Amino acid sequence: MSKPVTRKESPKRDLVIVKNLVKYFPVRAGLLQRVTAWVQAVDDISFTIREGETFGLVGESGCGKTTIGRTMLRLIEPTSGSVTFDGQEVFALRGREMKEMRRNMQVIFQDPYASLDPRMPIGESVMEGLNVHGIGTPRERYENMLEILKKVGLEDYHARRYPHEFSGGQRQRIGIARALALFPKFIVCDEPVSALDVSIQSQVLNILKDLQSEFGLTYMFIAHNLSVVEHISDRVGVMYVGKMVELTGREELYENPLHPYSKALMSAIPIADPTVKRERTLLKGDVPSPLNPPKGCRFHPRCPVAIDKCSLEEPLFKEVKADHWVACWLQ
C-alpha cells in the first residue's frame, strides 16, 4: 500500500472549482418522443472545494445535490458550465486522460447494495478499480485490497463473501473501501449514512474522518441530515430547487444563518436538552417542481419575509461577509 499522506496546515488551495454548472434533463412525450420540457435539476451553481476539507451540501430531497456530485464526476454529462479539478478542466478530458482523472475522483454511493455486483465477492469488487487501471501485480493488488478492508474495519475472510452476507453498515464500509482503493484525492460522499442506524452512522462517520486525516482526502459530503453535516463538514452549501442559496463555514452557518431557508432548516434541528425550546420556522406550501420553478427567487412562495422584488428578480449569489455567500434580496 502507498505511503499515507499527512495533511498540511498551510493555507489550502482550491482543489475543485465549479463554475456556472447547469444540468437539465429532457422530458419527452408523444409517439416521436419529442422534448416537451426540461427538468432544471441544477441551475447555474458555482462554488469551490479546498484541498483537505469536507464540503457539506444540504437541502431537501430533489434539490439537485446528487445531480451535482454525479455531474462533477461525469457520471452524467453536464448541460453547461465547468469543473476544474487540480488545475484540469474535467469536462474537456477524453479517453485515456479521463480514465487517469477518475483515479483521483471517486464516489461513495447512497445505496451500497445497489452499487455492488451481487455475483462478485467483495474482495474482487474492491480490486476492480486496481485491475482496470493496471496498478501493481496481481499479488500486490490482493494485498492492497486486504489492507484497505482492514482500514474500514473488515477482516481478511470477508473478502470471499458476497454482498448479501453483510449488514447495511458493513456494505457501506465496503463502498468506502472500494472508493479508497485507488488512493484518490477527492471523494464524493452521496448520503453515505442516510440508510444506516444512528449508532452505525457514527461509526461510518468516524471512519471517514480517520481516513481523511491519514490519507489527506478531500470530501464533498451530500446529506439532508443537518446534525451529520455539522459533525463532519468544514464549510457548508445550502441548496433549494437547483440553486445554491447560502455557502459559508460550518460554525458561521449554524450560529448565524442569513437566508430564510437556511434559518428554517436550522430551526428544525432537535436539541438534546428537553428544557431548551427553540422557536421553529414553519414553512407553508410545498417545494416547487424543478420542471416549472417560480420566477425570481425560487424560495419566495414559501418565504415568511418575502418582498415584491423577490417574485420579480432572481437574487445574485454574493459575498455579504468574509467567506459567507447568500442569494437573498434582504441581505
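The model is predicted. Helix α5 is largely enclosed by the rest of the structure, because 10 of its 13 residues are buried. A count of aromatic pairs gives seven, and a search of the whole structure for salt bridges gives 16.

**Helix α5 and its surroundings**

- Helix α5 runs over residues 168-180 and has 13 residues.
- From the first C-alpha of α5 to the last the reach is 19 Å, close to the 18 Å expected at 1.5 Å a residue.
- The buried residues of α5 are Gly169, Arg171, Gln172, Arg173, Ile174, Gly175, Ile176, Ala177, Ala179 and Leu180.
- Glutamate 124 belongs to helix α3, and its relative accessibility of 42% makes it partly exposed.
- Between glutamate 124 and arginine 178 the C-alpha separation is 9.7 Å, although the two residues are 54 residues apart along the chain.

**Aromatic pairs**

- The count of aromatic pairs in the model is seven.
- In one of them, phenylalanine 85 and phenylalanine 186 have ring centres 6.2 Å apart; their planes stand at 40°, so the pair is tilted.
- This pair links distant parts of the chain, with phenylalanine 85 in strand β4 (residues 80-85) and phenylalanine 186 in strand β7, 101 residues apart.
- Both phenylalanine 85 and phenylalanine 186 are buried.
- The rings of phenylalanine 183 and phenylalanine 215 also form a tilted pair, because their planes are at 50°, with the centres 6.2 Å apart.
- Phenylalanine 183 sits in the loop between α5 and β7 and phenylalanine 215 in helix α6, so this pair ties together parts that are 32 residues apart in sequence.
- Phenylalanine 183 has 22% relative accessibility and therefore counts as partly exposed, whereas phenylalanine 215, at 9%, counts as buried; the cut-off for buried is under 20%.
- Tyr240, Tyr261 and Phe299 make up one aromatic cluster.

**Salt bridges**

- Side chains of opposite charge can pair when their charged atoms come close.
- The search of the whole structure finds 16 salt bridges.
- One of the bridges is between arginine 50 and aspartate 323, whose closest N and O atoms are 3.2 Å apart.
- That bridge links distant parts of the chain: arginine 50 lies in strand β2 (residues 34-50), and aspartate 323 lies in the loop between β11 and β12 (324-326), 273 residues apart.
- Arginine 50 is partly exposed at 25% relative accessibility, and aspartate 323 is partly exposed with a relative accessible area of 24%.
- Aspartate 86 and lysine 185 meet through their side chains in a salt bridge, at 2.6 Å from N to O.
- Here too distant parts of the chain are linked, since the record of positions puts aspartate 86 in the loop between β4 and β5 (88-89) and lysine 185 in the loop between α5 and β7, 99 residues apart.
- Aspartate 86 counts as partly exposed at 27% relative accessibility, and lysine 185 counts as partly exposed at 33%.
- Glutamate 214 and lysine 151 form a further salt bridge, with 2.5 Å from N to O.
- Glutamate 214 is in helix α6 and lysine 151 in helix α4, so that the bridge links distant parts of the chain, 63 residues apart.
- The relative accessible area is 26% for glutamate 214, which is partly exposed, and 29% for lysine 151, which is partly exposed.

**Nonpolar surface patch**

- Val305, Ile307 and Leu330 make a nonpolar surface patch of about 230 Å².
- Isoleucine 307 is placed in the loop between α9 (260-267) and β11 (318-321).
- With 39% relative accessibility, isoleucine 307 counts as partly exposed.

Notes
Residues numbered from 1 in each chain as written. Predicted model: local features only at pLDDT ≥ 70, side-chain atom pairs only at ≥ 80, totals over all residues. Heavy atoms only, no water. Patch = residues over 30% accessible without salt bridge, like charges linked within 9 Å, V, L, I, M, F, W, Y side chains within 5 Å. Areas by Shrake-Rupley, 256 points an atom, 1.4 Å probe, with all protein chains shown as cover. Salt bridge = Lys/Arg side-chain N within 4 Å of Asp/Glu carboxyl O. Helix = DSSP H or I, 4+ residues; strand = E, 2+ residues; numbered from the N terminus. Buried < 20%, exposed > 50% of the residue type's maximum accessible area, 1.4 Å probe, protein only. Expected span 1.5 Å × (residues − 1). Phe/Tyr/Trp six-rings, centres within 6.5 Å; stacked < 30°, edge-to-face > 60°.
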